[in-house]
Amino acid sequence: TMLVALLCSLGTGTAWADELTFDYADYKGNGTSGSGSSYTMEKTDVTINESKFYCSSDLTYAQFYANGTITITPGAGVTITKIVLTATSSKYNGYQSSGTVTPSTGTITKTDDTTVTWTGSATSAFTISHNKQIRWTTIVVTYTVAPGTTAAPSISGDTPFLGSTTVTLTNAASAAGADIY
């Protein structure tokens with residue numbers, strides 16, 4: 001009798017980077033005119049809340065009204081490293097150049113009137129306050145997910161066997177990018 005023992009563990013040696021895109025087309029039609037209203041955009045690893053959100057009347061961009069606060073919350077094990085708010089043309093004033101944007105952590109950079117970029121390292125909720133209106137069509141969030149144990153792989157093959165057999169190890173859907181050892 002031949003006894004074969006197979007020991008597998010699933011993990012990643014390093015964190016892996018990913019991007020999420022919050023596209024305005026997914027969120028248009030929310031908020032109220034005048035001062036705006038609170039609105040939350042949520043994807044698997046990141047949640048964004050704006051205290052004064054409003055969509056444009058022509059449904060082509062979103063507005064974060066003046067004196068609002070953007071709250072960004074990373075999911076468990078997520079570290080946000082970059083956020084880029086972009087307008088598709090200067091017509092939309094990605095950010096009015098006379099305004100100030102103040103993050104509770106990290107650094108803000110304004111590139112012309114179409115792009116506002118936050119860079120830093122955040123593993124918990126943080127805020128970006130703005131005293132002027134920010135208009136955007138896309139928000140791209142760059143983040144990493146900490147290495148750790150994920151769901152066990154599935155193991156398939158013919159058993160019992162005499163001689164040789166083929167064994168297949170497959171990552172669980174939640175373990176995309178992870179290595180099987």
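**Exercise 1.** What pLDDT does the chain average?

Solution. The model is predicted; local features need pLDDT of at least 70, side-chain atom pairs count only at pLDDT 80 or more, and totals for chains, interfaces and linings use all residues. Residues are numbered from 1 along each chain as its sequence is written, and side-chain values use heavy atoms, with hydrogens and water left out. The average pLDDT (the predictor's confidence in each residue, from 0 to 100) is 75. At least 70 is reached by 68% of the residues. Over residues 1–13, pLDDT stays under 50. Where pLDDT is low, the predicted coordinates should not be read in detail.

**Exercise 2.** Where is Ala-125 placed, and which residues is Ala-125 in contact with, leaving aside neighbours within four places in sequence?

Solution. Start with the chain: Ala-125 lies in the loop between strand 10 (115–122) and strand 11 (126–130). Strands (E, at least two residues) are DSSP runs, numbered from the N terminus. Next, the contacts (heavy atoms within 4.5 Å): beyond those neighbours, Ala-125 meets Ile-72, Thr-73 and Pro-74. Last, the C-alpha atom of Ala-125 is 9.8 Å from that of Val-46, although 79 residues separate the two along the chain.

**Exercise 3.** Is Leu-169 buried or partly exposed?

Solution. Locate Leu-169 in strand 15 (residues 167–170). Then apply the cut-offs: buried is under 20% relative accessible area, exposed over 50%, partly exposed in between (1.4 Å probe, protein chains only). Leu-169 has 35% relative accessibility, so Leu-169 is partly exposed.

How values were computed. Helix = DSSP H or I, 4+ residues; strand = E, 2+ residues; numbered from the N terminus.
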